[in-house]
Amino acid sequence: MPEEFDTQQLLEILKEEHPEFFKKFSPEFWEFIFSPETSAKIAKICFDNGVEDEERIEKIGYRVTLALLDQVPKENLTEIFEKGVKLSHETAEKISLEVERQIFSQIPKPSPVKKPPVHEKPE
């Protein structure tokens, strides 16, 4: 029987196996991507736009994740949803706009790194 992982376990395994990839983004960003709230928003956007098939919702979520990770251009999501998920142009465009408004606009900014105070030497 295959071993089941929760999201946090999977994240830890991926971090160990691909440390350089995980250094490209802030910890806050990874929490955002793997949060149940983000997944729920994507599913709700799909439902609100008439996409109720679980397989199609997963395909949309996968493509949104690729865009979040800069693996596909965010600007091309409408076309990506049309071709990759077989959505009508109208539905793909509506979902793309809502993803921009509800997901991409909420991407956390990295916390600034606090530098120790610089002590000037007296002249």
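These are legends for several close-up views of a predicted model.

View 1. Of the 123 residues in the chain, 29% are buried. Take the contacts with a separation of 6 or more: 56% of them link residues 24 or more positions apart.

**View 2. Here is the largest nonpolar core, with 27 residues.** Look for Ile 60, Val 64, Phe 81 and Ile 103, the residues with the most contacts inside this core. At least two core residues come from each of α3 (27–34), α4 (36–48), α5 (54–68), α6 (77–85) and α7 (89–102). The biggest giver is α5, with five residues. As a general point, nonpolar side chains in soluble globular proteins tend to be buried together.

**View 3. Zooming in on Ile 103 and what it touches.** Leaving aside residues up to four places away in sequence, Ile 103 touches Phe 32, Thr 38, Lys 41, Ile 42, Ile 45, Val 64, Leu 68 and Glu 98. One of these, Val 64, is also listed with Ile 103 among the residues with the most contacts inside the core.

View 4. Thr 38, Ile 42, Ile 45 and Cys 46 are the buried ones in α4. Seen down the helix axis, the buried residues of α4 fall within an arc of 100 degrees, so they line one face. That pattern has a simple background: an α-helix has 3.6 residues a turn, so residues three or four places apart point the same way. What covers the buried residues of α4 includes α3, α5 and α7. Over on the other side, Pro 36, Glu 37 and Asp 48 are exposed.

**View 5. The length of α4, end to end.** After α4 comes Gly 50, with a positive phi near 85 degrees.

**View 6. Helices α5 and α6 pack against each other.** Their angle is about 145 degrees and their axes are 10 Å apart. The crossing of α5 and α6 is right-handed. On the α5 side, the contact is made by Arg 56, Lys 59, Ile 60, Arg 63, Val 64 and Ala 67. Across from them, α6 brings Leu 77, Ile 80, Phe 81, Gly 84 and Val 85. Ile 60, Val 64 and Phe 81 also turn up among the residues with the most contacts inside the core.

Definitions and conventions. Residues numbered from 1 in each chain as written. Predicted model: local features only at pLDDT ≥ 70, side-chain atom pairs only at ≥ 80, totals over all residues. Heavy atoms only, no water. Core = buried A, V, L, I, M, F, W, Y, C linked by side-chain atoms within 4.5 Å. Buried < 20%, exposed > 50% of the residue type's maximum accessible area, 1.4 Å probe, protein only. Helix = DSSP H or I, 4+ residues; strand = E, 2+ residues; numbered from the N terminus. Contact = heavy atoms within 4.5 Å. Arc of directions from axis to C-beta. Axes fitted to C-alpha atoms, helices over the stretch in contact; angles between N-to-C directions. Left-handed = near helix turned anticlockwise from the far one by under 90°.
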